[in-house]
Amino acid sequence: MKKFDDYFAPLLGNEALKRQLAAQFARGAVPHACLLAGEDWCGRNFAASLFAAAYLGDEHDLVRRGEHPDCIVLRGEGASGQIPVERVRFIGNSSLAGAR
């Protein structure tokens, strides 16, 4: 079974981020939401996928391939790149309804 650090091995640099996330995992204190912000092409989407894979215990790389049933990725809309809250609510409600 992979350890948390194993999931983040492909992410070069960002040592402070990796330490903070590893500490949260170790304490069982992973927040219900995380915001990763940074310039375009800084690796925030890659870091988010690694974090999701670690959280879900994805040993088969399903998250990074976009195939994990428990991982939903939302992309921003329009020039602003915003994700409307109504869309998040719809996705959340659809996911819950599908799980019943």
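Here is a short walk through a few side chains in this structure, which is a predicted model.

Let's start with His-68. You'll find it in the loop that runs between α3 (44-56) and α4 (85-99). Is His-68 buried or exposed? It counts as buried, because its relative accessibility is 13% and the cut-off for buried is under 20%.

Now for the charged pairs. How many salt bridges does the structure hold? There are five, and we'll look at some of them here.

One joins Lys-18 to Glu-15, with the closest N and O atoms 3.2 Å apart. Both residues belong to helix α2 (residues 15-27), and because they are three residues apart there, about one helical turn separates them. Lys-18 is buried, with a relative accessible area of 14%, while Glu-15 comes out as partly exposed at 43% relative accessibility.

Another salt bridge brings together the side chains of Arg-87 and Glu-77, at 3.1 Å from N to O. This pair links distant parts of the chain: Arg-87 sits in helix α4, Glu-77 lies in the loop between α3 and α4, and they are 10 residues apart. Arg-87 counts as partly exposed at 26% relative accessibility, and Glu-77 is partly exposed too, with a relative accessible area of 38%.

Methods: Residues are numbered from 1 along each chain as its sequence is written. This is a predicted model: local features need pLDDT of at least 70, side-chain atom pairs count only at pLDDT 80 or more; totals for chains, interfaces and linings use all residues. Side-chain values use heavy atoms; hydrogens and water are left out. Helices (H or I, at least four residues) and strands (E, at least two) are DSSP runs, numbered from the N terminus. Buried means under 20% relative accessible area, exposed over 50%, partly exposed in between (1.4 Å probe, protein chains only). A salt bridge is a side-chain nitrogen of Lys or Arg within 4 Å of a carboxyl oxygen of Asp or Glu.
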